[in-house]
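I opened this notebook to record what I looked up in one protein chain. The entries go from the whole chain to single residues.

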Amino acid sequence: MTGMMLYFALGLMVLTVLSNRYWRRQLTLTRIAMSKLKERVDDVTREVADIATDYAQLAQHQADMEKRVQKAEIDMQAAILELDQKKGAPMQRYFVFDRNEPRPGRFWEVAVRFQPMAVSFADQRGYRGWTGIRRVLLVADGERDARERVAARYPRKAGFEIVEVAGCRLNGLTVNRISELSTFRKPGKPEEEAAAAAARPQRRTSPAQS
């Protein structure tokens, strides 16, 4: 009887050891699986965070674009209204103050009236008048320069009168000051060298002596 109890206790101890090893192995596998699952969860969390950030940026960009579209629509309506008003308004004619060479400065408009009543025929000779007021466009360094140049072209003794000198009120009429595109730009170094070479007198080669 005692031997059977010893065999039974020994078998129970072996079974307990085997069971303990089995469950420990299962616990290790479970921990590994949980670690891999946690890594996958972290990856998915990061992806969701990145997607949420991209979505927020796209939403902000969309909101900005909607504001720009609304502003563009408002500007378009204002431009259409202004165009309709200008179509219905009387036409304003401008005359260009021609020059042979370009010059820097800003655009000015000068209103000139022609009154031939108090001027003799001899003073009017060589000048061609008009009726009403003409607005002349020219490029000048300042108001004084614009007034003097127009007064030299249309003198008071010939019946002309300068009514107003003001900055040009035409939209988009500006002087381009970019050196590559401007008509009054300074010549570049290659151009200066070419001009200097052209201006330099060439030496005559002496005939070869036989």
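The entries below follow the order in which I looked things up.

**Entry 1. Ground rules**

I noted that this is a predicted model, in which local features need pLDDT of at least 70 and side-chain atom pairs count only at pLDDT 80 or more, while totals for chains, interfaces and linings use all residues. Residues are numbered from 1 along each chain as its sequence is written, and side-chain values use heavy atoms, with hydrogens and water left out.

**Entry 2. The whole chain**

I looked up the elements and found 4 helices and 4 strands in the protein chain. Helices (H or I, at least four residues) and strands (E, at least two) are DSSP runs, numbered from the N terminus. The order from the N terminus on is α-β-β-α-β-α-β-α.

I then looked up burial, where buried means under 20% relative accessible area, exposed over 50%, and partly exposed in between (1.4 Å probe, protein chains only). Of the 210 residues in the protein chain, 16% are buried.

For contacts, I used heavy atoms within 4.5 Å. Among the contacts in the protein chain with a separation of 6 or more, 78% are between residues 24 or more positions apart.

**Entry 3. Helix α3**

Which residues of helix α3 are buried? I found Asp145, Ala146, Arg149 and Val150 in this helix, which spans residues 143-153. Seen down the axis of α3, these buried residues fall within an arc of 120 degrees (taken from the directions from the helix axis to the C-beta atoms), so they line one face of the helix. Arg144 and Ala152, on the other side of α3, are exposed. The cover over the buried residues of α3 includes β2 (106-114), β3 (133-140) and β4 (160-167).

**Entry 4. The largest nonpolar core**

I applied the rule that a nonpolar core is a set of buried Ala, Val, Leu, Ile, Met, Phe, Trp, Tyr and Cys residues joined through side-chain atoms within 4.5 Å. The largest such core has 16 residues, and those touching the most other members are Val110, Val112, Leu138, Ala146, Val150, Tyr154 and Phe160. The elements β2, β3, α3 and β4 each give two or more residues to this core. Strand β2 provides the largest share, 4 residues.

Beyond four places in sequence, valine 136 touches Phe95, Phe97, Trp108, Glu109, Val110, Val112 and Tyr154.

Isoleucine 162 lies in strand β4 and is buried, at 18% relative accessible area. Setting aside residues within four places in sequence, I found isoleucine 162 in contact with Val110, Ala111, Arg147, Val150 and Ala151. The C-alpha atoms of isoleucine 162 and valine 150 are separated by 8.1 Å.

**Entry 5. Aromatic rings**

I counted rings of Phe, Tyr and Trp (its six-membered ring) as a pair if their centres lie within 6.5 Å; planes under 30 degrees apart are stacked, over 60 edge-to-face and the rest tilted. The count comes to 3 aromatic pairs. Tyrosine 22 and tryptophan 23 form an edge-to-face pair, 5.1 Å centre to centre with 75 degrees between the planes. Tyrosine 22 is partly exposed at 46%, and tryptophan 23 is exposed at 55%.

Phenylalanine 114 and phenylalanine 160 form a tilted pair, 4.8 Å centre to centre with 45 degrees between the planes. This pair links strand β2 with strand β4, across 46 residues. Phenylalanine 114 is buried at 14%, and phenylalanine 160 is buried at 3%. Ring pairs join Phe114, Tyr154 and Phe160 into a cluster.

**Entry 6. A buried glutamate**

Is glutamate 109 buried or exposed? At 1% relative accessibility, glutamate 109 counts as buried, and I placed it in strand β2. Its contacts beyond four places in sequence include Tyr94, Arg135, Val136 and Glu164.
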